[in-house]
Amino acid sequence: MEDSRQRRRWERWWTALRLCLLLCLVDQGSSQIRYSVPEEVREGHIVGNLAKDLGLDVSSLVDRGFRIVSGSNEALFLVNQNNGVLCVDQKIDRERICDGTSSCVIDLKIVVENPLEIHYVAVEITDVNDHAPRFPDKQQRVEIAESTFPGARFQLESAHDPDVGVNSVRSYKLSQNEHFDLEIRDRGDDKVPFLVLQRALDRERKSEHKLLLTAVDGGNPPKSGTLNITVTVLDINDNRPVFSQEVYTAQLPENAPIGTVVLKVNATDLDEGLNGEVIYAFGSKLNRRILDVFELNNISGEIRIKGEIDFESTDVYKLDVLASDKGTPPMTVDCRVIVKVLDVNDNSPEIEVTSLSNLVPEDSKPGTVISLISVLDKDSGVNGKVVCTLSPDLPFELKPSIKDHMYSLVTKTRLDREETSSYEITVTATDLGQPPLSSVKTLKVQVSDVNDNSPQFPQNPLELYLLENNAPGAAILTVTATDNDINENAAVFYSILREGSSHSDMTSFLNINPETGVIHALRSFDFESVKWFQFHVLATDSGSPALSSNVSVKVFILDQNDNAPVILSPVSANGSAEGLEEVPRNVNAGHLVTKVRAYDADIGYNGWLLFSLQEVSDHSLFGLERYTGQIRTLRPFTETDEAQHKLLVLVKDNGNVSLSATATVLIKVVEPKEAFAASDVPNAVKDEEDSDVTFYLTITLGSVSVLFVLSVIVLIVMQCSKSTHYSSKDLQDANYDGTLCHSIQYRSGDKRYMLVGPRMSIGSTIVPGSNGNTLVVPDRRSRASGESRPLTPLFPGA
């Protein structure tokens, strides 16, 4: 308001200065006329007669261009060229044109040509009382403390009247009251009202006073404006805020969403106004971490969550809350807020494995500790209790330690690497929360090998069928043993056991490769000398201590046709196979002339002899039995038959490549008396020859019989050990065939067997498990079924 008054004074001075300058600078051919017109007049209102006042000819105004060439921006005035009258062109509002100035003058420049004349006209706009005083606000509040002493002044709002002079505000009036009076102070052209306290206030008696201030201008009639004044008696700040509780306690589940209201603190102040208004704040010494989690509404006292609540990080929060009023000086009080965080099962158990070794020997005893396992659950209470389990069907178990949440992973049973070489152990830790949470940890345990398995042969005993006359130094058999262990524990070396063998003389002729197990024969075997023999191969691993096992190898020598038949009779004195037989002429057909006897050291088909006539003088007279070697007459002798006949008998075996021998039989046909006499002459020589033949036959038959008995005994023992039952109906006797040997046939399963004794005619191959004189006759049923033997021997040169 003071600035406004100073501005108005300066404007008045400036206006006066401009008028003075205008008067001084006026040209001699110019003149100035001054008019006055009130504001708010209607349009067309005559201000004055310029033509008359300037002494201009009215009739020449049009021709001379009588007009207004300057003035205000708005065309407020208009000149009439017909009569020279200056009139109002539009409604004039002084307060709009000259707001705040005491003098409102509008300068006009009037031009007349031929000759040129310039005339200056000043029109003063006079004020009329068209505005009432007006306060900036309709109501004003005044706050006075009840401790304020009488005489105190409080400035009130001044009223403003756009009118000037006497029409402006001239006086103020205050409604009747017992505590206040009104004082008016002049500040330049303005009058400023002050409210003066005449009597001390008492808020307890009356806390508020209603007053009415009236502003009156000097117009006629006067106009006025009012202001409602409310005096509020302020209380003295003599009471502290008081919390409803000294300690507030709240429980809050962890992971509560942001914005959740924890609680609301409340403090009251018996004072009023600012002294009774309470604002809240956290204590200045609170940890910054707490301020990141909670926020406090300083007006309502609500504490809300603004950060993450984690029970595992902090389970209890302690907050200091301050309550302050707005008094001067403010009074403050504090309280403690304790927020207990409730645990939620939001943490899975954590499994930590401290492995002593992931390699466990397979001979570890039950209870051997493999790993130490610790389980941690950050939750508390039931949510933090953990149960550990292992995957089922494993030879391991968990044993709890004396310390909580510690376990030992130990072996439950003995391990066997050959059965399972590695284990994937799944440890599952599950807490007891609702819902339960679990975590899984997988341990891989390797079982290390221990030399606990000896080498094993796939078959025991082994049977080898070897043709005689094998090449010396050639491989005859490969033995292989496997060891279920690994690495050096599985490396197998072979050797032949040479002590304690019943045929140790044979093992000296055998050699074995210690790494490959290939057995070589250092000599050639003869079936006629050795029918079979047995030895043992020892397989030893490289473990520590080393383990071993042995296999019994039975070698059966198979016969080859390497012996030609030997003629036993007839035999001459010089050792040749030739003999003379005398036959009476009167014998009948079928008479036995003689018998050719032969022997073959081979057996089976190789020793089965067949007889045939290679040369004969008369085919119709003599015949030879194919299998017995008997020579018989086919018909009686006639007178025309020759007296002497020669027969060449061929004896051959049944080998693949037959071997043979021949015997010459001379037959002399004599008269019956001559035959009787002649028989007496050579009796002495023949008796001597027969005695020699009988001796040799006795020795041969005895040795063959011994071999036969031994073969029968060995066969019975072996068949009993194999639990093979034989039927008596399968036993057959072979007829005597004249070859100084015989056989007994029997059946076992789908094979036919033959025991070969001194007399033997048929058979082919040696039966597995029998002695050297046991032959097997192939059965058509076994051939049809395609039965194979358990071991295929190596036949050098076959």
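Which helix is the place of Leu710? Leu710 sits in helix H7, which covers residues 683–721. Helices here are DSSP runs of H or I with at least four residues, strands are runs of E with at least two, and both are numbered from the N terminus. The model is a predicted one, so local features need pLDDT of at least 70 and side-chain atom pairs count only at pLDDT 80 or more, while totals for chains, interfaces and linings use all residues. Residues are numbered from 1 along each chain as its sequence is written, and side-chain values use heavy atoms, with hydrogens and water left out.

Back to Leu710, then. Its relative accessible area is 48%, so it goes down as partly exposed. That label has plain cut-offs: buried means under 20% relative accessible area, exposed means over 50%, and partly exposed is what lies in between (1.4 Å probe, protein chains only). Leu710 also belongs to a nonpolar surface patch, along with Val706, Leu707, Val709, Ile713 and Val717. Together these residues have about 530 Å² of accessible area. The areas come from the Shrake-Rupley method with a 1.4 Å probe, and for residues only the protein chains shown count as cover. A patch takes in residues with over 30% relative accessible area and no salt bridge, joining nonpolar side chains (Val, Leu, Ile, Met, Phe, Trp, Tyr) within 5 Å and like charges within 9 Å.

Asp363 lies in the loop between strand E25 (359–361) and strand E26 (369–376), and it counts as partly exposed because its relative accessibility is 44%.

Next come the salt bridges. Side chains of opposite charge can pair when their charged atoms come close. Here, a salt bridge is a side-chain nitrogen of Lys or Arg within 4 Å of a carboxyl oxygen of Asp or Glu, and the structure holds 20 of them. One of these joins Glu124 and Arg34, at 3.5 Å from N to O. This pair links distant parts of the chain, with Glu124 in strand E7 and Arg34 in strand E1 (residues 31–38), 90 residues apart. Both ends are partly exposed: Glu124 has a relative accessible area of 24%, and Arg34 has 45%.

Asp618 and Arg635 make another salt bridge, their closest N and O atoms being 3.3 Å apart. Again distant parts of the chain are linked: Asp618 is in the loop between strand E43 (610–616) and strand E44 (622–624), and Arg635 is in the loop between strand E45 (630–633) and strand E46 (644–652), 17 residues apart. Asp618 is buried at 19%, whereas Arg635 is partly exposed at 22%. The side chains of Arg417 and Glu418 also meet in a salt bridge, at 3.3 Å from N to O. Arg417 is buried, with a relative accessible area of 9%, while Glu418 is partly exposed at 23%. Then there is a network of salt bridges, which links Arg141, Glu208 and Lys210.

A cis peptide bond joins Asn114 and Pro115, with omega at about -5°, and Pro115 is in the loop between strand E6 (105–112) and strand E7 (117–126). Asn220 and Pro221 are joined by a cis peptide bond too, with omega at about 0°. Pro221 falls in the loop between strand E13 (208–217) and strand E14 (224–234).

Asp393 has a phi near 60° and sits in the loop between strand E27 (386–390) and strand E28 (396–400). At 79% relative accessibility, this aspartate is exposed. Asn487 has a positive phi of about 60°, in the loop between strand E33 (475–478) and strand E34 (492–497), and is exposed at 59%.

And the cysteines? A disulfide is a pair of cysteine sulfur atoms within 2.5 Å, and by this rule the count is zero. Cys87 is buried at 16%, and Cys335 is buried at 4%.
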